[in-house]
Amino acid sequence: MILKVGFDIGGVISKYPAEFKAMMQALQAGGAEVFIITDMPRETSLRTLQENGFEFVPGDHVLNADYDAHGEDCKAVLLKERGIHIHVDDLPGYCAHTDAISLFLWPNTEKPYYHDDFKTESVTFGRSKKSRPR
């Protein structure tokens with residue numbers, strides 16, 4: 001089995017870029033496939049990853065969830081489609097409703113949503129909607 005691990009950008013990679021970069025590269029070196037799973041628009045996510053030195057993640061492993069179509073299940077849809085085994089996120093709803101092992105990054109109010117070293121010129125973080133559709 002080839003292990004597949006997904007990482008969110010906002011509040012995860014953006015908050016701890018050096019640590020997650022090292023983890024992702026170590027996973028790749030060990031034979032795992034690393035994915036980015038974000039609710040950002042595709043061009044924004046690709047540009048943000050490149051600006052911050054995460055271009056080692058192949059473009060076809062950058063997955064952009066459709067919140068408007070699936071609500072908080074939007075990342076679960078991608079995890080299932082791609083057979084991703086583990087996912088790291090900071091939003092509880094995005095860690096639910098999936099068969100993947102969900103690793104939740106708890107908020108740390110002493111650290112900003114994105115690290116001082118994380119370039120955010122082309123990014124606006126935040127979600128306009130928070131609840132699951134009924």
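1. Two rings of Phe, Tyr or Trp count as an aromatic pair if their centres lie within 6.5 Å. In this predicted model, ring pairs link Phe 7, Tyr 16 and Phe 20 into a cluster. The search of the whole structure gives 4 aromatic pairs, and the points below take up two that involve Phe 20.

2. The rings of Phe 7 and Phe 20 have centres 5.7 Å apart and planes at 65 degrees, so this pair is edge-to-face. Phe 7 belongs to strand β1 (residues 4–7) and Phe 20 to helix α2 (residues 17–29), so the contact ties together parts that are 13 residues apart in sequence. Phe 7 and Phe 20 are both buried.

3. Tyr 16 and Phe 20 also make an edge-to-face pair, with 6.4 Å from centre to centre and 70 degrees between the planes. Tyr 16 is buried, as is Phe 20.

4. A further contact with a ring involves a charge. The charged end of Lys 21 sits over the ring of Phe 54, at 5.1 Å from the ring centre.

5. The whole structure holds 2 salt bridges. In one of them, the side chains of Lys 75 and Asp 8 meet at 2.8 Å, N to O. Lys 75 lies in helix α5 (residues 74–82) and Asp 8 in the loop between β1 and α1 (9–13), so the bridge ties together parts that are 67 residues apart in sequence. Both ends are buried: Lys 75 and Asp 8.

6. Lys 75 also forms a salt bridge with Asp 89, at 2.7 Å from N to O. This pair links distant parts of the chain, with Lys 75 in helix α5 and Asp 89 in strand β4 (residues 86–89), 14 residues apart. Through shared partners, the salt bridges join Asp 8, Lys 75 and Asp 89 into one network. Asp 89 is buried, and so is Lys 75.

Notes. Residues numbered from 1 in each chain as written. Predicted model: local features only at pLDDT ≥ 70, side-chain atom pairs only at ≥ 80, totals over all residues. Heavy atoms only, no water. Phe/Tyr/Trp six-rings, centres within 6.5 Å; stacked < 30°, edge-to-face > 60°. Helix = DSSP H or I, 4+ residues; strand = E, 2+ residues; numbered from the N terminus. Buried < 20%, exposed > 50% of the residue type's maximum accessible area, 1.4 Å probe, protein only. Lys NZ or Arg CZ within 6 Å of the ring centre and 35° of its normal. Salt bridge = Lys/Arg side-chain N within 4 Å of Asp/Glu carboxyl O.
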